[in-house]
Amino acid sequence: MPDFGGEPEAFRVEAREWLAENFPPSMKNVDLAMTVDAPTGDAKLWKERMGAKGWGTPTWPKVYGGGGLTPAEARMLQQEMARIGARNPIGGMGVMMFGPTLLEYGSEEQKQRHIPPIVRGEIRWCQGYSEPGAGSDLAALQTKAEDKGDHFLVNGQKVWTSGAQYADWCFCLVRTDPNHKHEGISFVLFDMKTPGIEVRPIKLINGYSPFCETFLTDVKVPKENLVGPLNGGWTIGKRLLQHERNSLSGGGGSAGRFAAGKPLDQLAKEYVGVDEEGRVADPDLRTRIIRHQMETKAFMLTLMRAAAESKGNQGPSNATSIMKNAGSKVGQDRAELAVEIMGSQGLGWEGPGFEAAELEQVRNWLGGKATTIYGGSAEIQNNIIAKRILGLLDHQ
Amino acid sequence: MAVLNEEQTMLRDSARDWVREKAPVGAFRRMRDTAAPLGYDPAAFAEMAQMGWAGVVIPEAFGGSEFGYLSLGLVLEEMGRTLVASPLIASSLAAASALVMGGSETQKSEWLPKIAMGEAVATLAVDEGPRHDPLRTALKAEKTGAGYKLTGAKTFVLEGMAADLFIVAARTSGQPGEAKGITLFLVPADAKGLSREQRHLADSRGYAALNLDEVELGSNAVLGEADNGADLLEKTLDRARVGLAAEMLGMSVQAFETTLDYLKTRVQFGQTIGSFQALQHRAAKMFTELELTRSCVEAALTAIDNDAADTPQAVALAKAAAGDTLHLVSREMVQMHGGIGMTDAHDAGLYMKRARALEATYGSTAWHRDRWGRMAGY
Ligand SMILES: Cc1cc2nc3c(=O)[nH]c(=O)nc-3n(C[C@H](O)[C@H](O)[C@H](O)COP(=O)(O)OP(=O)(O)OC[C@H]3O[C@@H](n4cnc5c(N)ncnc54)[C@H](O)[C@@H]3O)c2cc1C
């Protein structure tokens, strides 16, 4: 472990003391970050306390209500929270991607208006990027925003909009110039209650409906909701994707979820049984579990190394593409192995005969297939690695 | 593709036409969405039986056509393409094979004609846990004056909700883990003391858990020889496994073709996504795997038809190869379709779910690899 000097260790004591006083023990291992319903009781208390302290967004500037911590301090806070099973109750797209982007590109008024409610976990954001014809080729987006003096008039269709049915606000890429592909895109914000917005939930292969089609018909977006310059949205939109990849791959404190659930070797011993030496009875499966566990370890070490090497607050880089691909592979492999280990019992869909953890595993396995698709597919990440990091050219 | 005789070509073509006309994936989807209680559409199965598909491995004397396993494999491959749910594997292949190989004249004449006509559904009740392991059979069969008394449980029985007859693996002697002491029994679904409950798996078929509570049977319920049923069971399972492999092959072919079509039509960055080498090479790899898998599946079906000595190895290879290939292709189907592949409205997820269920049935890929290695002396 790198040596952070004397002062940060003092922070560790401070964090530990604050958590001892403010973390309701009933919230141990409870994940509130993605819950849809408004929290009550201890959950409400925990969320409010973290929101007021700004520690749900530990490195964000204090002026907007953030924690104002250094990355080293934030890591310590994270470790202290992990030690007692405290999960960050502040989350969602506002925290993971929109907030950091607005802090970089937003106007002073925009930051003052939008950052504090994200810090307190009050406003849910959704991402209006993808369209039926613009997925990997995001810059092909057609949703158009016409300049009407004091507002833009937005018309078009977005798709795969996660959480649109619950969201309060949307950050959205729109076309403001039909003649320039990348330089004709702008980054705008709108309230999801604005007239002209219709969302239709779409069911996923795991049976849940976490995303929607979003239809925009004559939606009026005030001019003050343009982030950055007109036709300058592509740069901002791409930057946001780096933040998205960073958090998807476990950067910024979400690494814990890769180790969620029972360790695979333990699961295998339960479902498959053990040989005379007490090892997983199926040698073929055992070898693959070991390989996976080692790969997971390598990934975790890389996350830690990247965190230790990142100096200051310059945020994610192209290297997040490596992390996103490595992290999603580890997650998908784990789910496949878990389902295989549990045999038919690991394929329960509903009804009697299955434990809750078994049913959840199936849905996670299927849902996890999205991790190599959203936030830029695995193929797109590989293209970024090949072109932006390795300098390999397209064939001419 | 194996060299087919005229009968086989006709059989395959009629299956292909019927599937195209009567049983596209949409038919499976309707069955799933209406939560059809049996896990398949009985009217569709009646049509299949009418066309003779339920009697392909049953001797003519008992109402079948005795066309053989390669022939039935061709039908199953076509069914696999569009995820047709039916008792063809459980009843017309597995249970029918057990009766043909091990049944007395009386048992055969009682059940085989009905199975061949699709009037009765029979199935194997083997596994007692979530992972396939026939030797671990513990369900107890105690000798009584007139016959046997069976007590114990079975689970994940294919078509268990529809079955009229269960071929139950029970233990008449020895310990779980031993081959000696396993006996197969014919247990009618209406036997006193037998109850069943549906198990809903991700692939929406009609699995059941069985409970046998002092089910009384006569000695004439024994299929084959008492205490020495393990061999018959193994041979029966191998016939079922190769049927599963044929279904998996058909699914893989269709999943691949649907994906290939998408690669040729979906445009991003001003070109079809199939123009990207990153995807081209993966499509080429899948196609190669499909060719290898077809060889393995056809070889195993032929080995059974020829009663070849190396049938078990051939079957293990086919089931393992088909398992790996189907996982590869169904995963790529989702991935290469992007967001739309993740939706319930698209077919990709249906293939992925069925792939996992088939993998877990009658021995996973890993289990068959290990089995193959043992048989080869590794
Ligand atoms: C669960 C889920 C949640 C999502 N949430 C959101 C959201 O909140 N907001 C939002 O805007 N979007 C969201 N998305 C959409 C997601 O960003 C897109 O699905 C993704 O960008 C891929 O686009 P596409 O679906 O159009 O697939 P396509 O771009 O059509 O891709 C199809 C296949 O082609 C491959 N491909 C494309 N181009 C290339 C290339 N140049 N080289 C090699 N391969 C290539 C892709 O990798 C993929 O395998 C979500 C998606 C999912 C599955």
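Predicted model: local features only at pLDDT ≥ 70, side-chain atom pairs only at ≥ 80, totals over all residues.

Q: OK, so is B:Gly229 buried or exposed?
A: B:Gly229 is buried, because its relative accessible area is 1% and the cut-off is under 20%.

Q: Where does B:Gly229 lie?
A: In a loop of chain B, between strand E8 (222-223) and helix H7 (230-265).

Q: And what does B:Gly229 touch, leaving out residues up to four places away in sequence?
A: B:Ile182, B:Thr183 and B:Leu184. Take B:Ile182: it is 47 residues from B:Gly229 in sequence, yet the two C-alphas are 5.2 Å apart in space.

Q: Switching to the interface. How many residues of chain A are in contact with chain B?
A: 46 residues of chain A, and they meet 36 residues of chain B. Between them the two chains bury about 3,500 Å², with 60% of that on carbon and sulfur atoms.

Q: Why quote an area at all?
A: The accessible area lost when the parts come together is often used to give the size of an interface.

Q: How many residue pairs are in polar contact across the interface of chain A and chain B?
A: The rule finds 21, with both residues at pLDDT 80 or more.

Q: Which elements of chain A give two or more residues to the side that touches chain B?
A: Helix H8 (283-309), helix H9 (320-342), strand E9 (348-350), helix H10 (356-367) and helix H11 (378-389) of chain A. H9(A) gives the most, with five residues.

Q: How do the residues of the side of chain A that touches chain B divide?
A: 25 are nonpolar, 11 are polar and 10 are charged.

Q: You listed a strand there. Which strand of chain B do bridges join to E9(A)?
A: Strand E6 of chain B, residues 194-201. Two bridges join E9(A) and E6(B), and the strands run antiparallel. In E6(B), B:His200 is the bridge partner of A:Glu350.

Q: Is B:Glu332 buried or exposed?
A: Buried: the relative accessible area of B:Glu332 is 11%.

Q: And H9 of chain A, what about A:Thr320 in that helix? Buried or exposed?
A: A:Thr320 lies in helix H9 of chain A, and at 5% relative accessibility it counts as buried. Leaving out residues up to four places away in sequence, A:Thr320 touches A:Gln242, A:Arg245 and A:Asn246.

Q: New topic: strands within chain A. How do strand E2 and strand E3 of chain A pair?
A: In the antiparallel sense, over four bridges, with E2 at residues 144-147 and E3 at residues 151-162. In E3(A), A:Leu153 is the bridge partner of A:Glu146. E2(A) and E3(A) form a hairpin with three residues between them, and A:Gly149 in the turn has a positive phi of about 85°.

Q: Which strand pairs with E3(A) over nine bridges?
A: Strand E7 of chain A, residues 211-222, also in the antiparallel sense. One bridge there has A:Gln157 and A:Phe215 as partners.

Q: OK, positive phi. What is phi for A:Asn29?
A: About 60°, positive although A:Asn29 is not a glycine. A:Asn29 is in the loop between helix H1 (6-22) and helix H2 (41-53) of chain A, and it is partly exposed, at 46% relative accessible area.

Q: What about phi of B:Phe269?
A: Near 55°, again a positive value in a residue other than glycine. B:Phe269 sits in the loop between strand E9 (267-268) and strand E10 (271-272) of chain B. With a relative accessible area of 36%, B:Phe269 is partly exposed.

How values were computed: Residues numbered from 1 in each chain as written. Chains lettered and ligands numbered in written order. Heavy atoms only, no water. Contact = heavy atoms within 4.5 Å. Buried area = accessible area lost by both parts, 1.4 Å probe. Polar contact = N/O pair within 3.5 Å; in protein donor to acceptor, adjacent residues only side chain to side chain. Nonpolar A, V, L, I, M, F, W, Y, C, P; charged D, E, K, R; others polar. Pairing = 2+ DSSP bridges. Buried < 20%, exposed > 50% of the residue type's maximum accessible area, 1.4 Å probe, protein only.
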